[in-house]
Amino acid sequence: MSYSTAEIWLVIGLLAAGTFAIRFSFLGLIGDRDLPPVVLRLLRYTPVAILPGLAMPLVLAAPESAGWTADPLRLGAAAATLMAGWLTKNMLAAIGAGAFVFYGLGAVFGL
């Protein structure tokens, strides 16, 4: 199915307007007011919710060259990252453990 240039630009314009409306509702309308404590408390969890959502598709599905199947190396690196983060409570240690498993075992086993 082919779309005309006008239809494509209409979709782009509607998405731009929707994105602006969402951001303006938060920044423009209530940007100069204090937020309720419950909202501030919930906003603290935003990075914790977004980062796994960005990383999990890369962990659960290998690149297209591998047929988009689960990759044991990526799953092992994710497990090492979680375990190191849980045990040490240190973000850099968790990142280092995951990188070591991913690149180290990948080099050893030629993956």
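These are my notes from looking through one predicted model.

**Confidence**

The chain averages a pLDDT of 86, and 92% of the residues score at least 70. Then I asked which helix has the lowest mean pLDDT and which the highest.

**Two helices packing**

Next I looked up helix α4 (residues 72–88) and helix α5 (residues 91–108). They pack at an angle of about 155°, and their axes are 7 Å apart. Angles over 145 degrees count as roughly antiparallel, so that is the label for α4 and α5. I also noted the handedness: α4 passes α5 in a right-handed crossing.

Who makes the contact? On the α4 side I found L73, R74, G76, A77, A80, T81, A84, G85 and T88. From α5 come A93, A94, A97, G98, V101, F102, L105 and G106. I sorted the residues of this contact by type and got 10 nonpolar, 6 polar and 1 charged.

**Aromatic pairs**

I wrote down the details for F20 and F24: their ring centres are 5.7 Å apart and their planes are at 15°. Planes under 30 degrees apart count as stacked, so this pair is stacked. How far apart are F20 and F24 in helix α1? They are 4 residues apart, which means a separation of about one helical turn.

Notes:
Residues numbered from 1 in each chain as written. Predicted model: local features only at pLDDT ≥ 70, side-chain atom pairs only at ≥ 80, totals over all residues. Heavy atoms only, no water. pLDDT = per-residue confidence, 0-100. Axes fitted to C-alpha atoms, helices over the stretch in contact; angles between N-to-C directions. Parallel < 35°, antiparallel > 145°, perpendicular 65-115°, else oblique. Left-handed = near helix turned anticlockwise from the far one by under 90°. Contact = heavy atoms within 4.5 Å. Nonpolar A, V, L, I, M, F, W, Y, C, P; charged D, E, K, R; others polar. Phe/Tyr/Trp six-rings, centres within 6.5 Å; stacked < 30°, edge-to-face > 60°.
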